[in-house]
Amino acid sequence: MPEMEIHLFGQVGYLTTDPRNLESMLSTRFEDWGLGSRRAGLFPMLGEGIFTQDGRPWKHSRELLRRQFVRINFKDLSTFDHHVDDLVTNLSSSDGVVDLQPAFFRFTLATTAALLFGESTSHSGDEDRESFGTSFDYASAISAIRLRLADLEWVHKPKAFRQACDTVKKYAGHFVTEALDTRLSDEPSHRTESQALIRDLYAELGDPDLVRDQLVHVLIAGRDTTACLMSWTL
């Protein structure tokens, strides 16, 4: 059945898998559709970016990130080598039944961070890495609940969620500041090339906070979608 109508709390919603409807929403009549309550549900964690924007701002973010990913596609795949080794080592050393999804989430978070920031989360200090990973997981889980609450997202914004969002943004913001400081420095850096994405985003957006937000958007996409794909593949 390609369509389903849902009545919940006086609201009417629809689910569809009809290709004609999907084409209309994503292509031919894209301007007629909006995010609705999704922006409010995701904004505390993600800020401004492709998952919280509509219309022209969304198109601008899509084009901006598309250009950057063209370059990432040609990066040296050796970036992934030690992350793959870590994943295989951790799984092979485990006894009994192994829950693969947490391991995949750690793997994709590390590889995506390496591509975006020029440094993996596994290379950060133990305390920073654990704090960021835990905060990222928690903020993502609460954001998913807030999405389901739709217009009632405001009823579920616990203090721990706000603190987790701050930790995620602070972590991403650190790399933005570092890249911009390197850009202004006369001293050569071995990380200049790996920070090119951040510097190019800043050249386009002109605001470190907007650059940080775009990075968090890509980070959650790269982590979640890739980890879920790996889980389903196995």
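Me: How many disulfides does a search of the whole structure find?
Reply: The search finds 0 disulfides in this structure, which is a predicted model.

Me: Which bond is meant by that term?
Reply: A disulfide is a covalent bond between the sulfur atoms of two cysteines.

Me: And Cys 165, buried or exposed?
Reply: Cys 165 is buried, because its relative accessible area is 3%, under the 20% cut-off.

Me: What about Cys 228?
Reply: Cys 228 has a relative accessible area of 31%, so this residue counts as partly exposed.

Me: Which of them gives the most?
Reply: Strand S2 does, with 6 residues in the lining of the largest pocket.

Me: How does the lining divide by class?
Reply: There are 19 nonpolar residues, 10 polar residues and 4 charged residues in the lining of the largest pocket.

Me: On to Gln 214. Where is it found?
Reply: Gln 214 lies in helix H9, which spans residues 208–233.

Me: Is that residue buried or exposed, and why?
Reply: Gln 214 is classed as buried because its relative accessible area is 4%, and the cut-off for buried is under 20%.

Me: What does its side chain make a polar contact with?
Reply: The partner is the side chain of Ser 61, at 3.0 Å.

Me: Now helix H2. Which of its residues are buried?
Reply: In H2, residues 38–46, the buried ones are Gly 41, Leu 42, Pro 44, Met 45 and Leu 46.

Me: What follows H2?
Reply: Gly 47 follows H2, and its phi is positive, near 70°.

Me: Which value does phi take at Ala 150?
Reply: Phi of Ala 150 is near 55°, a positive value in a residue other than glycine. Ala 150 sits in the loop between H6 and helix H7 (159–184).

Me: How accessible is Ala 150?
Reply: With a relative accessible area of 28%, Ala 150 is partly exposed.

Technical notes:
Residues are numbered from 1 along each chain as its sequence is written. This is a predicted model: local features need pLDDT of at least 70, side-chain atom pairs count only at pLDDT 80 or more; totals for chains, interfaces and linings use all residues. Side-chain values use heavy atoms; hydrogens and water are left out. Helices (H or I, at least four residues) and strands (E, at least two) are DSSP runs, numbered from the N terminus. Buried means under 20% relative accessible area, exposed over 50%, partly exposed in between (1.4 Å probe, protein chains only). A polar contact is a pair of N or O atoms within 3.5 Å; within protein, one must be able to donate a hydrogen and the other to accept it, and residues adjacent in sequence count only if both atoms are side-chain atoms. Ala, Val, Leu, Ile, Met, Phe, Trp, Tyr, Cys and Pro count as nonpolar, Asp, Glu, Lys and Arg as charged, and the others, Gly among them, as polar. A disulfide is a pair of cysteine sulfur atoms within 2.5 Å.
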